[in-house]
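Hi,

Here is the structure we spoke about. Please have a look before you read my notes below.

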Amino acid sequence: MDKLSSLTRFKAACPFLGSTKTSTLRSLSTSTSPRFPTLSALTERATKCPVMGPALNTRSKEIVAGYASVAANADVEKIHKDKGVNIPAGASIEKCPHASAARAAARMADELAAATAAKKHADKKAAAAGCPFHQKAATESATAKKHTGFDYEAFYKGELDKKHQDKSYRYFNNINRLARKFPVAHTANPKDEVEVWCANDYLGMGNNPVVLETIHRTLDKYGHGAGGTRNIAGNGAMHLGLEQELAALHRKEAALVFSSCYVANDATLTTLGTKLPGCILFSDAMNHASMIQGMRHSGAKRVIFKHNDLEDLEAKLKQYPKETPKIIAFESVYSMCGSIGPIKEICDLAEQYGALTFLDEVHAVGLYGPRGAGVAEHLDYDAHLAAGRSPDPIPGSVMDRVDIITGTLGKAYGAVGGYIAGSEEFVDMIRSYAPGFIFTTSLPPATVAGARASVVYQSEYLGDRQLKQLNVREVKRRFAELDIPVVPGPSHIVPVLVGDAALAKIASDKLLSEHNIYVQAINYPTVARGEERLRITVTPRHTVEQMHNLVRAVDQVFTELNINRLSDWKLAGGRASVGMPGASDTVDPIWTNEQIGLHNGTAPRSLRNGEKAVVDGKAVTVARSRFDILLGPMYGKLQPNRDFGTPAVADTVLNTPLGAESIPVAPAIAVSA
């Protein structure tokens, strides 16, 4: 990553650099402009400067001019001939570094020009604050747009200023995860690679080979978009197959897929709260924003109970007649603290007081239970393991007692989309009344097919879940040895408490810029003020060496920034469940040693750099078989990648009948870690 040393040399000459904190400059230089992806946020700001703006514009033209002679194929071929470069048969112009550099320069020049043009229309008075160059330019120009009524731009700026002042402004890093190098990504510069330690693709299924192969096959047959809403041309066999798969996963009668689980939660709670007469919604204090919004949109009365506090919930349930419609909305895994909801006990209260249970398993599906159905399945692990693939409910099990389950396809399953599962009548009512389902374009068939392949694969293969839990245990153990304050919890979430918004952002920036480790800072309103943290997610594909580097880097950053450690929080009386008087520093994980395989030596082993990740052959076979009717049988070697950059290869792939290869699938197929 670029260092800030070159910027600090000009602090004395530039009023903006001189008056801006180094931490802010670091944030701006490591964050991508939301409007111009090839530029950093700092470069975009520089285009607004009367001094730097013209200089950047001139420089971009010089860069483009330097590459202008390689813009056409003939020019590139001449360079190759002059330099004695031999081009392999079938290689295309896209493989040429000269041509790609020209295209990159052209893109950057276009965006610099666009940023400069946008600057000309900006509010000059707002831009002039604190900079004498801007002040002079503003007084000389009378072209600034004048509002005759409400000053909308000033309002927008004022709202953004509030975010900057309380340190809750969100910076969006340009992170591009690489399918063949997971968990590595590149930043705005494709050559600048970092390790990702905060993604919600918990198992790396976003690049699982059978998932990619299924997506390619579906794309070839059905194209890209779905073509319409579910009710108008967008209700295909792929969508219906995925819903059937999800219903079977949770052993429910039916399921319904949405564009995201935010939409699923919002639409479902809005519809239920609106339709159920006099409905009362009981909400855990730490529920996700999607559930909170759904309850607000319903207009129904909302009663908030303390996080995971059964006594408080019961005291509030008692205040209403049993005949009054009630919904208890809560989560299985709370993603920012790692706690797990008391699902069985809440079901007991729901039955006692006549309430429906609405369980959000977003951060649990794919990760818990013998088939990945979530924490509700995990609580009756042995019974569900014995039941295998049967879609029938297990009477009396926790998952059977939960009325409504919502989940996502965008986290452990590595896709996009959300869903609900429950009784047939309930699902049909939501399908018939929820605007968030009815009036939106259906998910693309290839996305839906990839999601189904992922769900099937994980329902058949336990190894990824086991290895993830082992790696999580190791990282938590190493942090504990170094007095790093991890919010204690039984789940896979590793929340490292910082306790200050500015420090959390600086720590995140230092990890990225100095250690090539990407961990997003979590600030208000996602967490309470004073409980800011680094939320670390460990995957089964992180190697022993990568885990070592992460722990070392976090320890170094904590030392350099003098961030409180666990012992410091204990002296301060504790915060966010860290260092609380009389409380344990650790919580036993929900996955037992027996479930992971530690008791009999069957537990998977953490990868080392250069080793291949295991892909289970049996799970691949079952996942492929789900698409035999729609896509045709698929046998032999997995085909997760298509090299369309080489015409000869592309022609071979497109003209080879599916299933033509007869190479047997091994019990375990190795792919790059």
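**Cavities and a surface patch**

Arg230, His239, Val257, Phe258, Ser259, Phe437, Thr440, Thr441, Ser442 and Leu443 line the largest cavity. Keep in mind that this is a predicted model. The volume of this largest cavity is about 80 Å³.

Around it sit Arg177, Phe182, Pro183, Val196, Cys198, Ala199, Asp201, Thr537, Thr539 and His542. By class, that lining splits into five nonpolar, three polar and two charged residues.

As for the approach, rolling a probe the size of a water molecule over the atoms shows where empty space is left.

Now to the surface. Which residues form a nonpolar patch there? They are Phe150, Tyr152, Phe155 and Tyr156. Together they have about 450 Å² of accessible area.

Is Tyr152 buried, partly exposed or exposed? Tyr152 counts as partly exposed because its relative accessibility is 44%, and that class lies between the buried cut-off of under 20% and the exposed one of over 50%.

Best wishes

Key. Residues are numbered from 1 along each chain as its sequence is written. This is a predicted model: local features need pLDDT of at least 70, side-chain atom pairs count only at pLDDT 80 or more; totals for chains, interfaces and linings use all residues. Side-chain values use heavy atoms; hydrogens and water are left out. On a 1 Å grid over the protein atoms alone, a cavity is a set of points where a 1.4 Å probe fits but cannot get out, and a pocket is an open set with protein on both sides within 12 Å along at least five of seven lines; lining residues have an atom within 4 Å of a point. Grid points are joined across faces, edges and corners, and a volume is the space filled by probe spheres set on the points. Ala, Val, Leu, Ile, Met, Phe, Trp, Tyr, Cys and Pro count as nonpolar, Asp, Glu, Lys and Arg as charged, and the others, Gly among them, as polar. Patches are made of residues with over 30% relative accessible area and no salt bridge: like charges are joined within 9 Å, nonpolar side chains (Val, Leu, Ile, Met, Phe, Trp, Tyr) within 5 Å. Accessible areas come from the Shrake-Rupley method with a 1.4 Å probe; for residues, only the protein chains shown count as cover. A salt bridge is a side-chain nitrogen of Lys or Arg within 4 Å of a carboxyl oxygen of Asp or Glu. Buried means under 20% relative accessible area, exposed over 50%, partly exposed in between (1.4 Å probe, protein chains only).
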